[in-house]
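This briefing concerns a single predicted model. Please consult the sequence and the structure shown below before turning to the points that follow.

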Amino acid sequence: MVKTAVDILILLNEKLSKLLSGDDNKAIQKIVISLGHICVKETSPSLLNIALDLIFSLCRSKVCRK
């Protein structure tokens, strides 16, 4: 079975959410850059929604409040 970017992000969503809510600035930067690379030519609304939800979760993280 071939995994699509959507399938991969769905599987990683919980783990990425935990990393994004942490204090590791370098990990957060790498995740956000990677999400951008995944979404560059993406037209799937479900992938874009997952990626945007993850990125907007940063608004509630400790890193953004510093």
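Ser-57 lies in the segment that follows helix 3 (45–56); helices are DSSP runs of H or I with at least four residues, numbered from the N terminus. The model is predicted: local features need pLDDT of at least 70, side-chain atom pairs count only at pLDDT 80 or more, and totals for chains, interfaces and linings use all residues. Residues are numbered from 1 along each chain as its sequence is written, and side-chain values use heavy atoms, leaving out hydrogens and water.

**Ser-57**
- Ser-57 has a relative accessible area of 17% and is therefore buried (under 20%, with a 1.4 Å probe and protein chains only).
- A polar atom of the Ser-57 side chain lies 2.5 Å from the backbone oxygen of Leu-54.

- Not counting residues up to four places away in sequence, Leu-35 touches Leu-9, Ala-51, Leu-54 and Ile-55 (heavy atoms within 4.5 Å).

**Salt bridge**
- The structure holds one salt bridge, a side-chain nitrogen of Lys or Arg within 4 Å of a carboxyl oxygen of Asp or Glu.
- Lys-18 and Glu-14 meet in a salt bridge at 3.6 Å, N to O.
- Lys-18 and Glu-14 are separated by about one helical turn because they are four residues apart in helix 1.

**Confidence**
- The chain averages a pLDDT (the predictor's confidence in each residue, from 0 to 100) of 78, and 86% of the residues score at least 70.

Technical notes: Helices (H or I, at least four residues) and strands (E, at least two) are DSSP runs, numbered from the N terminus. Buried means under 20% relative accessible area, exposed over 50%, partly exposed in between (1.4 Å probe, protein chains only). A polar contact is a pair of N or O atoms within 3.5 Å; within protein, one must be able to donate a hydrogen and the other to accept it, and residues adjacent in sequence count only if both atoms are side-chain atoms.
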